Amino acid sequence: MLEVKGLTKTFGALRATDAVDLEVQEGETLAVIGPNGAGKTTLISQLAGNLRPDAGRIRFAGEDITSLSAPQRSRKGLARSFQITSVYPEFSALDNVALAVQAHAGHSFRFWREARSDPALIEPARRMLDDVGLSERTNVLAANLAHGEQRQLEVAMALATRPRLLLLDEPMAGMGIEESQRMIAFLATLKRRQTIVLVEHDMDAVFRLADRIAVLVYGRVIATDSPEKIKMNEEVRRAYLGEDA
Amino acid sequence: MTFALLFEQLLNGLQFGVMLFLMAAGLTLVFGIMNFINLAHGSLYMVGAYLAVAATQWTGSYVLGVVLGLAGTLVVGMIVEVVALRTLYERDHLDQVLATFGLILFFNELVAIIWGRAALFASGPAWLQGQIDLFTGSRYPLYRAAIILVGLVTAIILWYVVTRTRLGMLIRAGASNRTMVAALGVNIRLLYTVVFGFGAALAGLAGLMAGPIYNVQPGMGELILIQVFVVIVIGGIGSIRGALVGAIIVGIADTLGRAFLKPLLGTLISPPAAESAGPALASMLIYLLMAAVLAFRPQGLFPARGG
Amino acid sequence: MLVLLALPPLVIALGQPFYLDLVRRIMILAIAAVSLNLILGYGGLVSFGHAAYLGIGAYAVGILGFYGVTNGWIQWAVAITASALVALAIGAVSIRTSGIYFIMITLAFTQMLYYLGISIAEFGGDDGMRLNAKSQFAGLVDLNDPVAFYYVVLLLMLLAVFLTYKIVKSRFGMVLRATKSNEARSRAIGFSPYPYRLAAFVIAGAMCGLAGALYANHTNYITPGLMSWQQSGDIMFMVILGGMASTAGPVLGAFALLLVEDLLSGWTQHWQVILGPLLILSVIFFRRGLAGVLYKPDA
């Protein structure tokens, strides 16, 4: 479903992304791991359309999307969640998700009917919030949600756009143990019906959720394999997991 | 239209451009480094003009008047920065626009209270009256030539400071990545005050030089300020080089347009139509130029932040 | 609030005609403020050139009148359409930029129109032009009647507020507000900000053009000064004084600012030297007007 070839991005002398090749099959969950500074978020940004690569191609569902903007990619079915929470703070959780639903419900040049009372937007939004476990908090302003709840909202908004591929950038960033467990459980159910590219630090999550793992070090993919094989890969252990993993 | 006339207007354009540059250089740095939109920059220009005139009358000496005028503008600029503007650096552009707008009202009225609303008479010094001979055979006012000279010298000094000194390096770094400079432990507040002071002094210089040529009156700053904005948009925010190039382009385009568009149009369409279309088009020229540049390079010609 | 507005017409109509004039002027400018609030308060576009549309609307009435076209329907339709077209042109170029660029560019374009107004001598140039006759709405209403005119303005102001209210709550309004709140997030879920912002810009321009047409009828005199950046600044202040978070806020802001201006100018001809610092202080301390209990955006 997603095919990345030779993706390269340099900032001055820094090669943030170095000739990266990736392939994601429909229905699978690919985890991207790597030490800090490996360029994981830069990679996601290029996949989502927030950053233009200097070289390389990206194909999504058979179509070359390298030159498409972020909104265009979203409309093609590529959804992204942000590592640093990026929601609409002054809107309620429900409004937040409803906006995501609205973005994919045709054009929005409708000037008369009130959006907040439109069932075509509200119903799917409610369902999405139920799914991620925020049904009790629909009317709370996003700014007033707990950090973990905001991360859940991030995922809900990405899901509300009914994506064909989910790019999740450290969905569990900053979450406590309990919240992380809940998110992992939720992602585990999500796995079954979504294609996911997951960037994460939490190794527990990675090994439980990933079908395959790609290891990124200094912008280069040094290994792409099944979790067991990655665990045993010498190079990976040295670069990332440490000798005593 | 003779070559001599064309050359004379070119010089006028250069002179206007040089003044625009003095205003634009300081302002573009303030925009780029401090991300602060300062509408009151024109007020500093006005203050420079008024203080120089007042100081010259008071001391009887033009040179002393210039020095005092410059120093005075610098002081006023610093006071304004510390008292009113410091709190606004962290605020969004809307707040900055509105607050500096309030400053404009205040300064314009203050000046009117002290000196009245009528335009003040400012003459250059006796040793700058007179004309010089151009190679084209015609003569050009010495005062305007002096302005061009001062402007170019200032440009060279600025270039030296920005590219060859440590302060200049900080300025360039700050213009392209403000947060990084702060993170490196540089005393950001001091840097801001210095940059702002720079800008104020340059504006004051432009103002006091402008006195004898343009009207010294309340509101004079705003007339030129908007043209300065055009210069900055064309040249790119945060870039002194852009300010210079933009200023020269705008100065020359505007001057030549005002001088030659009407007669030029008169040869293409009927003279009566050109009578109104000419000046109208001339006054719109630099804005159309700005729109054209924006169509191709929304960041201006030499933006400080990497493309 | 709305009650306050409906009562005075009755009371004042019996008393001082001066107040009728004053409140009418305030309401006309309130319409301009309401239109600016759409793109500024809800859209986050700091447009410093909004007074341009006041001028365009006013000159539309003036110029058509000059050539003998005094039919109000035609005049006002042209005022609105011309403003919309100019807004489309200016917006198309400006909205591609952001931040400081956008502010400067909108200011520059307005200034361009101002100079254009000055340089066209037939229509009075710098001095402006007189209106021969008010817009004629044969049979419907006579604008020469101060009270009738007053009610027309009141009605249009309420209409402007109502329309803005509907727009802001609609899908379109939500996109606009979302884009202001968090542009990156909006793009990530699939909204391209540009078309929506441009549309809002045009709508705001058109509404302000109507205010301009009303203004011309109110003062019987049209000068390029109507398009000056000082006028733009005034309108902006009305918006923030009233609180940008509500559709009726700008109306309050208009009343607040213009009544203060009226009061101060009664004291001294140098009232701006007091108003200036007042405005500065209000920006520094009075953060978002009567904005209510909403989340304060990050600095």
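Predicted model: local features only at pLDDT ≥ 70, side-chain atom pairs only at ≥ 80, totals over all residues.
Chain A contains nine helices and ten strands. Its radius of gyration is 18 Å, close to the 18 Å that the globule rule gives for 245 residues, so chain A is as compact as a globular protein of that length. Of the 245 residues in the chain, 44% count as buried. When contacts in chain A between residues at least 6 apart in sequence are considered, 65% of them join residues at least 24 apart.

The domain assignment divides chain A into domain 1 (1-77 + 163-245) and domain 2 (86-162). The C-alpha centres of these two domains lie 25 Å apart. Across the boundary, 14 residues of domain 1 are in contact with eleven residues of domain 2. On the side of domain 1 that touches domain 2, strand 7 (165-169) and helix 6 (177-191) of chain A each supply at least two residues. Helix 6 gives the most to this side, with four residues. By class, the side of domain 1 that touches domain 2 comprises nine nonpolar, three polar and two charged residues.

The largest nonpolar core has 273 residues, and those with the most contacts inside it are A:Val97 and B:Met23. From each of domain 1 and domain 2 of chain A, this core draws at least three residues. With neighbours within four places in sequence left aside, A:Val97 is in contact with A:Ala125, A:Met128, A:Leu129, A:Ala156, A:Met157 and A:Ala160.

A residue in another setting is A:Ile84, which is found in the loop between strand 6 (78-81) and helix 3 (93-103) of chain A. A:Ile84 is classed as exposed because 10 other C-beta atoms lie within 10 Å, and a residue counts as exposed if that number is 12 or fewer. In sequence A:Ile84 and A:Ile33 are 51 residues apart, and in space their C-alpha atoms are 17 Å apart.

Contacts between chains were examined next. Two pairs of chains touch, and the most contacts are between chains B and C. The contact between these two chains takes 38 residues from chain C and 40 residues from chain B. Helix 5 (99-119), helix 10 (229-242) and helix 12 (272-285) of chain C are the elements that give two or more residues to the side of chain C that touches chain B. Helix 5 of chain C gives the most to that side, with 14 residues. The residues of this side divide into 28 nonpolar, eight polar and two charged.

Chain A also touches chain C, in a contact that takes 30 residues from chain A and 23 residues from chain C. Helix 2 (70-76) and helix 3 of chain A each supply at least two residues of the side of chain A that touches chain C. This side of chain A has 17 nonpolar, six polar and seven charged residues. Between chain A and chain B, by contrast, there is no contact, and the closest C-alpha atoms of these chains lie 10 Å apart.

How values were computed. Residues numbered from 1 in each chain as written. Chains lettered and ligands numbered in written order. Core = buried A, V, L, I, M, F, W, Y, C linked by C-beta atoms within 7 Å. Buried ≥ 20, exposed ≤ 12 C-beta atoms within 10 Å, placed from the backbone. Domains from an automatic or database assignment. Contact = placed C-beta atoms within 7 Å. Nonpolar A, V, L, I, M, F, W, Y, C, P; charged D, E, K, R; others polar. Rg over C-alpha atoms; globule rule 2.2 N^0.38 Å.
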